[in-house]
Amino acid sequence: MGNYHGDFIWYELMSPDHRAAESFYGPLVGWSFDSDEAYRHIAASEGHIGGILQLTPEMTAGGAAPAWVGYITVDEVDKMVASIAADGGQVHMPARDMEGVGRMAMVADPQGAVFYVMKPTPPEGVDDPESFAFSYDRPRMGHCAWNELSTSDPGTAKRFYGKHFGWVPDGEMDMGPMGKYEFLRHAGRAPDGSPMGHGVLGAVMPLVPGGAPVPVWTYYFRVPDIDAAAERIGAGGGTMLQEPMEIPGGDYALVASDPQGAHFGLVGAREGAG
């Protein structure tokens with residue numbers, strides 16, 4: 001069936017030490033990694049979900065820092081980059097082709113949250129491939145389960161992403177003095193038109209004390225046992241930023257940073273809960 005314009009299709013960890021990253025995330029999320037030294041592909045339960053980009057000293061000197069960055073598929077990369085720039089966004093890496101992979105660019109929304117836009121090159125013999133890096137239809141272990149934007153201006157962010165990627169509001173939760181937690185749905189995956197389900201992809205929320213200091217996307221990957229994962233974070237040299245808390249649907253979510261400083265989230269069940 002293929003992916004829709006505006007789908008998350010890949011998650012990339014920028015890290016100064018890919019071996020340390022593999023040692024940390026492998027047992028934590030259940031990932032395996034290929035043997036390419038330049039770019040390590042991450043495999044989960046049902047296929048590749050992303051990769052590890054080894055940061056060179058030159059990249060670090062140029063301002064690159066450990067982080068997770070998501071890829072959003074688009075119909076035309078160059079037109080999207082121009083449109084994002086015209087609407088107050090930033091272009092961190094101009095559009096370029098990668099043989100056998102596709103055309104991509106690194107950009108940021110008007111508040112500064114960074115992401116990639118990409119038009120993939122289908123593998124030979126495959127006309128319309130589909131990525132399950134983010135699972136719209138059902139839970140998949142090791143795959144992304146939620147995409148969360150923390151931003152200084154949720155209203156502007158919703159309009160920006162809605163215009164460029166077809167995302168629409170889909171309910172909200174009141175967080176009291178911290179503001180609203182507003183769910184986002186891909187309009188192309190509407191309940192009445194999508195075989196993939198409801199199309200909820202994540203949420204947008206305001207920056208809150210103790211949370212992200214600047215606008216950023218946080219990606220939550222699914223694990224079978226949230227408490228076991230929480231223990232592995234500390235044992236592996238990571239840092240817990242938000243302890244496991246119950247979320248709608250009965251799962252639990254946490255936020256942490258890996259030993260190199262990249263922030264990420266996990267979603268999973270709690271043994272004996274419910």
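**Entry 1: Ser 257**

I looked up Ser 257 and found that this residue counts as buried, at 8% relative accessibility. I note that the model is a predicted one. Ser 257 has its place in strand β15. I listed its contacts, leaving aside neighbours within four places in sequence: Phe 24, Gly 238, Thr 239, Leu 241, Ala 262, His 263 and Phe 264. I then checked the bridges and found Ser 257 to be the bridge partner of Thr 239. In β16, the partner of Ser 257 is His 263.

**Entry 2: strand β15**

I asked how many residues of β15 are buried. The count is 6 of the 6, so the strand is largely enclosed by the rest of the structure. In a regular strand, side chains alternate between the two faces of the sheet.

I went on to the partners of β15. β14 and β15 (residues 252-257) run antiparallel and are joined by 5 bridges. Glu 246 stands opposite Tyr 252 of β15. These two strands form a hairpin with 5 residues between them, and Gly 249 in the turn has a positive phi of about 105°. With β16, β15 pairs in the antiparallel sense over 6 bridges. This pair is also a hairpin with 5 residues between the strands, and here Gly 261 takes a positive phi near 105°.

**Entry 3: the sheet that holds β15**

I wrote down the strand order as β10-β11-β12-β9-β13-β16-β15-β14, an open sheet of 8 strands with mixed pairing. Which strands stand at the edges? They are β10 (167-174) and β14 (239-246); each has a single partner strand, so one side of each is left without a neighbour in the sheet. From one strand to the next the twist averages 25°. Helix α4 (residues 154-165) packs on this sheet, where I found it touching β9, β10, β11 (180-186), β12 (200-206) and β13. The direction of α4 makes about 150° with that of β12.

For a parallel pair I looked at β13 (residues 216-223) and β16 (residues 263-268), which are paired over 4 bridges. Val 223 stands opposite Gly 268 of β16.

**Entry 4: Arg 222**

I stayed with β13, the strand in which Arg 222 lies. Is Arg 222 buried or exposed? At 13% relative accessibility, Arg 222 counts as buried. The side chain of Arg 222 is joined to that of Asp 251 by a polar contact of 3.0 Å. Arg 222 and Cys 144 are 78 residues apart in sequence, yet I read 6.2 Å between their C-alpha atoms. Not counting residues up to four places away in sequence, Arg 222 touches Val 29, Pro 139, Arg 140, Met 141, Gly 142, His 143, Ala 145, Asp 251 and Val 267.

**Entry 5: Asn 147**

I moved to strand β9 (residues 144-151), where Asn 147 is found. Asn 147 has a relative accessible area of 0% and is buried. I asked what the side chain of Asn 147 reaches. One polar partner is the side chain of Tyr 11, at 2.8 Å. Another is the backbone oxygen of Leu 201, also listed at 2.8 Å.

I recorded another open sheet of 8 strands with mixed pairing, in the order β2-β3-β4-β1-β5-β8-β7-β6. β2 (32-33) and β6 (90-98) are at its edges with a single partner strand each, so one side of each lacks a neighbour in the sheet. β1 (residues 8-15) and β5 (residues 67-73) run antiparallel, joined by 6 bridges. Glu 12 stands opposite Val 69 of β5. Helix α3 (residues 77-86) lies across β6, β7 (102-108) and β8 (114-120), and runs at about 10° to β7.

**Entry 6: helices α1 and α5**

Last, I looked up a helix pair. The axes of α1 (residues 18-30) and α5 (residues 226-235) come within 9 Å and cross at roughly 170°. The two helices are therefore roughly antiparallel to each other. In the contact I found Phe 24, Pro 27 and Leu 28 from α1 and Ala 229, Arg 232 and Ile 233 from α5. These residues divide into 5 nonpolar, no polar and 1 charged.

How values were computed:
Residues numbered from 1 in each chain as written. Predicted model: local features only at pLDDT ≥ 70, side-chain atom pairs only at ≥ 80, totals over all residues. Heavy atoms only, no water. Buried < 20%, exposed > 50% of the residue type's maximum accessible area, 1.4 Å probe, protein only. Polar contact = N/O pair within 3.5 Å; in protein donor to acceptor, adjacent residues only side chain to side chain. Axes fitted to C-alpha atoms, helices over the stretch in contact; angles between N-to-C directions. Parallel < 35°, antiparallel > 145°, perpendicular 65-115°, else oblique. Contact = heavy atoms within 4.5 Å. Nonpolar A, V, L, I, M, F, W, Y, C, P; charged D, E, K, R; others polar. Pairing = 2+ DSSP bridges.
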